[in-house]
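These are my notebook entries on a structure that I have not described before. I record what I looked up, entry by entry.

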Amino acid sequence: MGRSFANLHIKSDNLEKTVEALRELSTRHGGVLGYSKAEAPESQAVMYVSQSNESWVSVLHEYLVWGTVKKVGKALSGLIKEPVMTAGYMNEEIFELSFFEQGELAAERIFCEPWTREEYGQLREERVNDDYLQQVLNIQGEAAGELIRMTSPDQAVEKLSEIAGMSLWCDYEWIPYEETLQARFAKYEFGR
């Protein structure tokens, strides 16, 4: 088993507006974050949030893993008008990048070697829309083509980090162990 992570990013320069959307997600749509109605309502939802740069707000939560991060991104995009990007990296074999707007999948790209697609059987993009990907990431020409043609998950994460101007190498579980993440992310607690 290799390294894995999952996170989401909102294309926004308004941290306060994003935090309000996260509060609404926690309080009104807790099921998508793995909270059951049977849990004590006074418990807090904990998220780590960072205004990563002037264009992106990054979010880490314990329920964001490969397989659930897309559901959270889709729900959040229905609450906020900005695009939501989800990143799921699994065992150094797969990097799944998805974009949502208004509660719908707008584009998706899965970066992996051909043998990995075969091994996982049904590993296919739900919606390939490279024009949207280029628009939301604000990339053109050769840079866009280079990213889209990549098959190496590691290289795709590095290239996307460079394009977006923020490191995508982050996960909720890494916060206690990595000082750079502790300095970058602020802890938010939302009542449920």
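The entries below follow strands, aromatic rings, a helix and several loop residues in a predicted model.

**Entry 1: strand β1**

I began with strand β1, residues 5-11, and asked how many of its residues are buried. Six of the seven are, so the strand is largely enclosed by the rest of the structure. I then looked up its partners. β1 and β4 run antiparallel and are joined by six bridges; in this pairing, H9 has M85 of β4 as its bridge partner. β1 also pairs with β3, again in the antiparallel sense, over four bridges. Here I noted L8, whose bridge partner in β3 is V59.

**Entry 2: aromatic rings**

I searched the whole structure for aromatic pairs and found eight. One of them is F95 with F111, a stacked pair with 5.6 Å from centre to centre and 20 degrees between the planes. F95 belongs to strand β5 and F111 to strand β6, so this pair ties together parts that are 16 residues apart in sequence. Are these two residues buried or exposed? Both F95 and F111 are buried.

I next recorded F99 and Y132, an edge-to-face pair with centres 6.1 Å apart and planes at 65 degrees. This pair links distant parts of the chain, since F99 is in strand β5 and Y132 is in helix α4, 33 residues apart. F99 has 0% relative accessibility and counts as buried. Y132 is buried as well, with a relative accessible area of 11%.

I also noted one aromatic cluster, formed by F5, Y89, W169 and W174. Over the face of W174 lies R3, at 4.1 Å from the ring centre.

**Entry 3: helix α5**

I turned to helix α5, residues 141-149, and listed its buried residues: A144, G145, L147 and I148. Viewed down the axis of α5, these fall within an arc of 165 degrees, so they line one face of the helix. As background, an α-helix has 3.6 residues a turn, so residues three or four places apart point the same way. Against which elements do the buried residues of α5 pack? They pack against β6, α4 and α6. On the other side of α5, I found E142 and R149 exposed.

S77 is in helix α2, residues 69-77. At 1% relative accessibility, S77 counts as buried, because the cut-off for that term is under 20%. Apart from neighbours within four places in sequence, S77 is in contact with V84, F100, E101, Q102, G103 and E104.

E62 is placed in the loop between β3 and α2. Not counting residues up to four places away in sequence, E62 touches Y35 and Y172. I also looked up E62 with E173: they are 111 residues apart along the chain, and their C-alpha atoms are separated by 7.0 Å.

How values were computed
Residues numbered from 1 in each chain as written. Predicted model: local features only at pLDDT ≥ 70, side-chain atom pairs only at ≥ 80, totals over all residues. Heavy atoms only, no water. Buried < 20%, exposed > 50% of the residue type's maximum accessible area, 1.4 Å probe, protein only. Helix = DSSP H or I, 4+ residues; strand = E, 2+ residues; numbered from the N terminus. Arc of directions from axis to C-beta. Contact = heavy atoms within 4.5 Å. Pairing = 2+ DSSP bridges. Phe/Tyr/Trp six-rings, centres within 6.5 Å; stacked < 30°, edge-to-face > 60°. Lys NZ or Arg CZ within 6 Å of the ring centre and 35° of its normal.
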